[in-house]
Each structure stands twice: as structure tokens, then as C-alpha cells.
Amino acid sequence: MSDSKAGTGPIVVINPNSSVKVTEEIARSVAPFRCMDGPEFECIGIAHGPATISTMKDSAEAALNVAAIVQSRPDASAFVVACFSDPGVDLCRTLVRQPVIGIQEAGILSAMAQADLFGIVALGPASVARHRLRIRQMGVEARMAAELPLDNVSAEDAGQCEEVFQQTLEVGARLRDLGAGAIVLGCAGFSPRRRALEQEIGIRVVDPVAAAAVMALGASAGL
């Protein structure tokens, strides 16, 4: 770990994929949490990353890309890794003193603060397997009703495509019927749809990007 002290600059929110649209939606998601006296949110993408992190190989490469950015920003007051499998979060926590918040961890913790059982909507079947590793690390399997996948959609389509929205509604209703009292959206790309999904499904729907932003604000303030 670096011996340098944590910075007092922005909270750097890293989108590990190359989708400019997803990075823009992440910026919109964190915008309501900007404080007059608090750190700014700086949202960045990785141009050479995949359009969607859909495989373990993608996630492993993303972890190294995220770590390189984190180490290059000693000015940051905190980091948010805006990919639901939290690539590089554990690695980065060994490299820098600033708080490093992953959106999967933050989203699940937020859901458990609001309901006994939570469910997760994933982009596809392979995502479920990746997410399960983090869930086991967290030790929260007993609080999860289920994680159900969509039909291998992209991170960008998760927040923009009407057909994907309808799929997400169907999966969300199934999670609710399985006992979930809160649903975590399993990709940063879902952010634009959170409010509409919550209204249609009728239970709490957690945008993990927003959840991580709030935690990063608290962590940067020493809370």
C-alpha cells in the first residue's frame, strides 16, 4: 500500500467498460449527491475496456485497468468502481489508502438495510456466476432470495432499450414473487430505469451506483 495520505480531491467514479453512454448515465446517477461543501464526483470510462464486462476474462482485465487508474490518482478522496462484479476492488484496497467502494457490495448492503431478502437482476447467466463469488465473500447468501438473468443484454441496452426494460420488469416480478423485498440492479447501465422499475414492480429497487456514491461520500468524510 502506498504511504501517501488519502487525497482531498474528487470522488473518482470509474466505469471499467468503454461505453460513453453508460459513463454519461453513471454521471447522471451520482449528480444528485453533489454537495456544496463536499467533494466533486469525477466520472471516467476506460476507452480500451470492453463494451460490456460479460466474462471472467473481461473482469480480470478490468481489475488491472481499474488498479492502474486508482494508483494514478493520489489526489482523489475516494473511488467508486462502477461495475457490478466489483473488478479490482479488493486489489485496489491493498494499493491505496483512499476508500474504494464497489457497486455490487454497496448495492447489496443498501438492499439489506431496506428489506429482509433481496434479489438481483443480472445481464445474463454468466454474470450470475461472477456475482456469486462476491456474494460468497460477503457472506450474505442467506439474505438473497435469488439472482435471475436477462437474455445476455449489454450494459448500454440495460438502461436504454424498451425490450430490455420489459424483460427486466418480468424478472423483477419473479424476484418479488420469490420473496425479495428489495431488488438490486446488477449493472451500472440500469441506472436510468430504476424509478420506473420500482413503480411497476412495487418493491424497493436499488441503483447500486447511487448506493456506492452515498457510501463514498460518507467514507471521504471519515464516517
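So, where is the place of Asp 86 in the chain? Asp 86 sits in the loop between S3 and H3, and we'll come back to it in a minute.

Some housekeeping before that. What you see is a predicted model, with residues numbered from 1 along each chain as its sequence is written. Local features need pLDDT of at least 70, side-chain atom pairs count only at pLDDT 80 or more, totals for chains, interfaces and linings use all residues, and side-chain values use heavy atoms, with hydrogens and water left out.

Okay, the overall picture. We have nine helices and eight strands in the chain; those are DSSP runs, H or I of at least four residues for helices and E of at least two for strands, numbered from the N terminus. The radius of gyration is 16 Å, close to the 17 Å that the globule rule gives for 223 residues, so the chain is as compact as a globular protein of that length. That radius is taken over C-alpha atoms, and the rule is 2.2 Å times the number of residues to the power 0.38. Along its principal axes, the C-alpha trace spans about 50 × 35 × 30 Å.

How much of the chain is buried? Buried residues account for 56% of the 223. By buried I mean under 20% relative accessible area, with exposed over 50% and partly exposed in between (1.4 Å probe, protein chains only). The areas themselves come from the Shrake-Rupley method.

One example from the inside is Ile 14, in strand S1, residues 11–15. Ile 14 has a relative accessible area of 0%, so that one is buried.

Now, back to Asp 86, and on to salt bridges. A salt bridge here is a side-chain nitrogen of Lys or Arg within 4 Å of a carboxyl oxygen of Asp or Glu. Searching the whole structure turns up 16 of them.

Asp 86 is in one with Arg 134, where the closest N and O atoms are 3.0 Å apart. That pair links distant parts of the chain: Arg 134 is in helix H5 (residues 125–138), Asp 86 is in the loop between strand S3 (78–81) and helix H3 (89–93), and they are 48 residues apart. Both partners are buried: Asp 86 counts as buried because its relative accessibility is 5%, and Arg 134 does too, at 6%. Asp 86 also has a positive phi of about 55°, although it's not a glycine.

Arg 134 has another partner. Asp 90 forms a salt bridge with Arg 134, with 2.7 Å between the closest N and O atoms. Again the pair links distant parts of the chain, Asp 90 in helix H3 and Arg 134 in helix H5, 44 residues apart. Asp 90 has a relative accessible area of 34%, so we call it partly exposed. If you zoom out a bit, Asp 86, Asp 90, Arg 93, Glu 105 and Arg 134 are linked in a network of salt bridges.

For a local pair, go to helix H1. Lys 21 and Glu 25 both lie in that helix (residues 20–30), four residues apart, about one turn. Their salt bridge has its closest N and O atoms 3.7 Å apart. Lys 21 is partly exposed at 29%, while Glu 25 is buried at 11%.

Last stop, the surface. Which residues form a negative surface patch? They are Asp 151, Glu 156, Asp 157 and Glu 163. For patches, we take residues with over 30% relative accessible area and no salt bridge; like charges are joined within 9 Å, and nonpolar side chains (Val, Leu, Ile, Met, Phe, Trp, Tyr) within 5 Å. Lys and Arg count as positive, Asp and Glu as negative, and His and the chain ends are not counted. Each charge is placed at NZ of Lys, CZ of Arg, CG of Asp or CD of Glu.

Asp 151 is in the loop between strand S6 (144–149) and helix H6 (155–160), and it's exposed at 59%. Asn 152 is found in the loop between S6 and H6 too, exposed at 56%. Phi of Asn 152 is near 55°, a positive value in a residue other than glycine.

Glu 162 and Asp 37 are 125 residues apart in sequence and 38 Å apart in space, C-alpha to C-alpha.

Notes
Accessible areas come from the Shrake-Rupley method with a 1.4 Å probe; for residues, only the protein chains shown count as cover.
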